[in-house]
Amino acid sequence: MLLSMNWLREFIPYTDSGEKLGEQLTMAGLETEGIVKPYEALRPIVTGLVAECSRHPGADKLSVCRVDVGDEVLDIVCGAPNVAAGQKVAVVRVGVTLPTGLTVSKAKLRGAPSNGMICSEFELGLSDEHSGIMVLDPAVPVGKSLLDALELDDEILDISVTPNRGDCLSVLGLAVETAALTGLPLTMPDYERLSGGTDASPELALEVEDGGLCPLYHGLIIEGTKTAPSPGKLRYRLNAAGVRPLSNLVDATNYVLMELGQPLHAFDLDRIRGGRVSVRAADAGERFVTLDGKERTLTAGDITIRDAEGVICLGGVMGGLNSEISDGTRRVFLESAVFNPGAIRRTARRLGLHSEASFRFERGVDRTGATPALERAAHMMAALSGGYVRPGLIKKAADEAPRRPIRFHREYAEKLLGVQLTSPFCEKTLRSLGCAVRDASGGLRAGEENSAMEWDVTPPARRHDLTREVDLAEEIVRIYGMDRVPARMPGVTRDLARAGLPESKSAFLNRVGHWGRQAGLNEIIAYSFVGGKELDLFGLPEDGRVPVLNPLNEDMDVLRPALVPGLLNALCNNMAQGALSVRLFETAAVFTADPASESSVREEVRLGILLHGARSARAWPPSPGDLDYLDIKGLIEYFLLEFSLPAADFVLSGADAPNLFSPCVDIILEGASAGRAGRVKPEAADRCHAKKDVWYAELDLDYLYGLYVKAVTLFRPLPVFPPVRRDITFVVPRGTRAGDIAAIAERMKSRIDTDVRLIDCYEPDGADARNLTFRLTFRRPDRTLKDAEADRQRALFAESVCKTLNVAVQRPDE
């Protein structure tokens, strides 16, 4: 939001600098990203009087002028067709640099000396108008700085407004904030009202089919308008606010939009067919040409404004070419409405139409401010165009549910914020932000000194973000001053009410990052954008890809559907630098097309792990062997153990396995897939110049977090009695999994704790079976276990395994 300090001072008598206000707003949660003086380059340019003007003797299109600039008279040759004696003009002296970068110097044009320059608005950076020089008001004094003469000595604050603070997307909204921060009075600027004619309410039949899509729609009719450029002050103010001036009728709507935060739209009334306006959802597949001249295909969720024959406006987003204001417009229907934020957001994102209006509708506008904004814009439009506003409001409105008050306790705010607050300060602050404050007994407090400890607080309609008591506490501390809150360590209390609450997702993801680093992995941060061709080379499917509408280049034209492209690119970079043993991980979001979701994109958080090279490249003496499947599997098991998650089953993937991996396993937790792991195919690894096998795993952290918050961590005493160990070898068919054998021990009910670990695997060539050797560790928690008890437990385990599975125990002589 670009805020003009001069515009702000029309609402409150603020006398400090823009820099001071920027600091105050930043500390209140509205960060000021920069301060500029957009017209400062006009300071050395002065006003002048064209005392004499005659045709150049040697050129038909040039004029020789003598211009009085107060302290001297300059000879200036001018090529503008509209220059004439008696005009007040903007003069650039020799040596002065224009906003365009041109430095004016002495010159001779066809033999006539020229000691300066008379400027157009384009050369001054005020507009695109360059057909003639800028002619000033005759009342402007001669020799004055143009900056002061046009009242353009202004500071513009670039304020970053968070998505929940749509109320601050206007001068009025920021004036309310400033008044609350400084204690200055807030006043609404007055304006001229030009009414006339007959009642306009029967002029148009208005219908709103769905009050959920459009809770409020109303408008006024302005007659006798004449389209023309807006006055300079209005155009320059809009230009400084980042809005391009168009014409007096359109500029009035944009001016009120920036001033009061209510989007408006002007229709040429004579182009509304059938004397009827209706608001309803579009028909699927319906086509409509917007103001930018592009044909749009609409869906059933888009809000449309229609006349008797079809769509004339895409509600809350952009108007239609078939009802736009033109030079011939004589009658205007001015619309002010409230639209459903979700519907506007979906339409704007799908069509890529992000306007000042949709930006505000998406965040929610003030329903109570829609009518004052309509009246303000209508009378401004009439004043600028020589017309008049007809009485009679054309209106349809759904019933508005009253906002429920929020019970606010001062003691709660003090405990939450860690500061001592007074009741008068809390009440004054909430009132200054527009809240209605009543004490808990229901009696209205008029602001007198009181010692109330709790109130019923009703937020204003413009504050959609105030829904809970904690929101009110945040408002209190914003105005109190975040910098005044002392920094101290929180005390340890005996209140254990929150001890069992689940960890937040952000805290969980932070722990995942810490786990990766302490596990010996190097973290990378890759771009969210990847190239479609790159995904094709890696064999990733085309289904579900999300294209980028305006990519930086062809290598970043798709949102990543997986983390593996970024990790493989990091591997390439490491290979190029001679780092042959690489262990990488990344925790980030991936994106998949999902037409059923609100944004048509599904976002999921994943953990990607990549291993390549020797298992212990830095150890001395180095141990033989390269990183392999057991290493990537071990890391996954370690991760699950660290977060108290259930043990995983690693199952060979079926026909749906990604083309990038061979072999590939599905990681199954609680009967659902939590990710995949496998070896990157050699042809893909070769593109990264890999010297060894590349092993990769990707886990679904959204699913794992769901399990994590439900997990119960059990604690038991450390064992004090020694264990007894026995080995046993089973002859099993090749299809039997070692995990199925180990799981049987967990199902055996016994006072003896049994731990089963696979320690050896022997696979004879050509045989249909293999030998799996397990080490059984037995222990009793209450006493030392006897050998006979361990042997009996071993026999029970062997019997249970043989009965459950088609296996046999290997005899010692085999």
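The chain of this predicted model is divided into six assigned parts: domain 1 (2-38 + 154-182), domain 2 (40-149), domain 3 (201-397), domain 4 (406-484), domain 5 (505-710) and domain 6 (724-809). Between domain 5 and domain 6, the C-alpha centres are separated by 34 Å. The points below cover helix packing, aromatic pairs and backbone geometry.

**Packing of α10 and α12**

- Helix α10 (residues 410-417) and helix α12 (residues 469-480) have axes that come within 10 Å and cross at roughly 70°.
- Because angles of 65 to 115 degrees count as roughly perpendicular, α10 is roughly perpendicular to α12.
- The crossing of these two helices, α10 and α12, is right-handed.
- On the α10 side the contact is formed by Y412, A413, L416 and L417, and on the α12 side by E469, V470, A473 and V477.
- Sorted by class, the residues in the contact of α10 with α12 comprise 7 nonpolar, no polar and 1 charged.

**Packing of α13 and α16**

- Helix α13 (residues 505-518) packs with α16 at an angle of about 135°, and their axes are 11 Å apart.
- This angle makes α13 oblique to α16.
- A right-handed crossing is found for α13 and α16.
- From α13, the residues R511, V512, W515 and Q518 make the contact, while α16 contributes L635, Y638, F639 and E642.
- The contact of α13 with α16 contains 5 nonpolar, 1 polar and 2 charged residues.

**Aromatic pairs**

- Across the whole structure, a search finds 17 aromatic pairs.
- One of them joins Y629 and W695, whose ring centres are 6.2 Å apart and whose planes stand at 50°, so the pair is tilted.

**Backbone geometry**

- A cis peptide bond runs from S662 to P663, with omega near -5°.
- Strand β34 (residues 661-669) is the element that holds P663.
- E151 is not a glycine, yet its phi is positive, at about 55°.
- The location of E151 is the loop between α3 (146-149) and β11 (156-160).

Technical notes: Residues are numbered from 1 along each chain as its sequence is written. This is a predicted model: local features need pLDDT of at least 70, side-chain atom pairs count only at pLDDT 80 or more; totals for chains, interfaces and linings use all residues. Side-chain values use heavy atoms; hydrogens and water are left out. Axes are lines fitted to C-alpha atoms, for helices over the stretch in contact, and angles run from 0 to 180 degrees between N-to-C directions. Helices (H or I, at least four residues) and strands (E, at least two) are DSSP runs, numbered from the N terminus. Angles under 35 degrees count as roughly parallel, over 145 as roughly antiparallel, 65 to 115 as roughly perpendicular and the rest as oblique. A crossing is left-handed if the near helix is turned anticlockwise from the far one by less than a right angle, and right-handed if clockwise. Contact means heavy atoms within 4.5 Å. Ala, Val, Leu, Ile, Met, Phe, Trp, Tyr, Cys and Pro count as nonpolar, Asp, Glu, Lys and Arg as charged, and the others, Gly among them, as polar. Domain bounds come from an automatic or database domain assignment. Rings of Phe, Tyr and Trp (its six-membered ring) pair if their centres lie within 6.5 Å; planes under 30 degrees apart count as stacked, over 60 as edge-to-face and the rest as tilted.
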